[in-house]
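Dear colleague,

I am handing over the structure below, and I would be grateful if you could look through it alongside the notes that follow.

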Amino acid sequence: MAPSHWRGGLNMTFQLATTLGIFVANLVNYGTNQIKSWGWRLSLGLAAIPALLMFFGSLFIYETPNSLIERGYSEKGKQVLVKIRGTQNVQAEFMDLMEASQVARAVTHPFANLLQEQYRPQLVMAFCLPIFQILTGINSILFYAPVIFQAFGFGSNASLYSSIFTGGVMVLGSLITIFTIDRFGRRVLLIIGGVVMVICQVIIAILLQQFYGGDDVLSKGLSIVITILICLFVLGFATSWGGLGWVVPSEIFPLEIRSAGQSIVVSVNLLFTFAIAQAFLSMLCTFKYGIFLFFAFWEAFMTVFVYFLLPETKDVPLEEMVYVWQSHPIWGRFSVTNKDSEKV
């Protein structure tokens, strides 16, 4: 529904809501933890509040023009488009949506179509982007922040404070991205965020290798330094792969394969979230400080991947996204249009 020049910032409100929810949940858990015996019940019960807000809020959400037109309600789709754009001058965009919808309705097997050679770039991104988002190591850092900070010598309360603080940093990073994504583009933020994460992870690994033997407790000063580096890492993630790991996949698929492509993105993300969460503690015990180098390697790899293989989607209407892939120096060879022109 978002105009192309605001789409990135508006989509990033999803990440802002997620990080804000995590931050508030940590604060609530800390507060209810002070209530002995029944505080955990209150914490679980309070989760009904956002559930109710989502339920009643959904009653006021418009159907998207794309969905209405694709299901045959073209006139209603045009009315919604006029309402959300705030102007009657929507004929050009409406005709683009009608054309894209006709192509989408002709597709009866979107998953089979996704396997066609012309959609090879989008299929690669559907797998790689969610995998890369998890291989930053962010879920491991956030899931096991209390364990990590206790290993650094913090007490149990201090570790909870640190988890709250990293949650606050995630909120800050999401706000930064909202105000920069449509100005600087997706690729710039992903590359800068990747470089920041690599630097932080490598420095942490070096410090732990030099000063932490496993049974020792780090000095207070060094613990603070590592905590700051972890927060900088979280900030780098939040301003790049945190939200853009969802924004970019939502933009790259043409309408005829969008539902199939997005379902693959979500499935792969959840699968690797589960796998890394299950394996992290064993990896931490085996690799020790090397776990940070493991994630740093993948962060460096995904940064290079973005530089060479991910096209910029800023300001491109969704119904015209196919032309971005056709003009890409590497992925353009998979384009049906380009192949036809080569034959000519």
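Residues 38-62 have end C-alpha atoms that lie 41 Å apart, and this span is 76% helix and 0% strand, where helices (DSSP runs of H or I, at least four residues) and strands (E, at least two) are numbered from the N terminus. For residues 188-212 the end C-alpha atoms lie 35 Å apart, with 96% helix and 0% strand. Both spans are listed as "transmembrane region" in the unreviewed UniProt entry, whose annotations may be inferred rather than shown by experiment.

This is a predicted model, in which local features need pLDDT of at least 70 and side-chain atom pairs count only at pLDDT 80 or more, while totals for chains, interfaces and linings use all residues. Residues are numbered from 1 along each chain as its sequence is written, and side-chain values use heavy atoms, with hydrogens and water left out.

Turning to helix pairs, the axes of α12 (residues 186-211) and α13 (residues 220-252) come within 8 Å and cross at roughly 150°, the axes being lines fitted to C-alpha atoms over the stretch in contact, with angles from 0 to 180 degrees between N-to-C directions. The two helices are therefore roughly antiparallel, a term for angles over 145 degrees.

The axes of α14 (residues 258-287) and α15 (residues 290-309) come within 7 Å and cross at roughly 115°. Their contact (heavy atoms within 4.5 Å) is made by F280, M283, L284 and F287 of α14 with G290, I291, F294 and F295 of α15.

Notes
Parallel < 35°, antiparallel > 145°, perpendicular 65-115°, else oblique.
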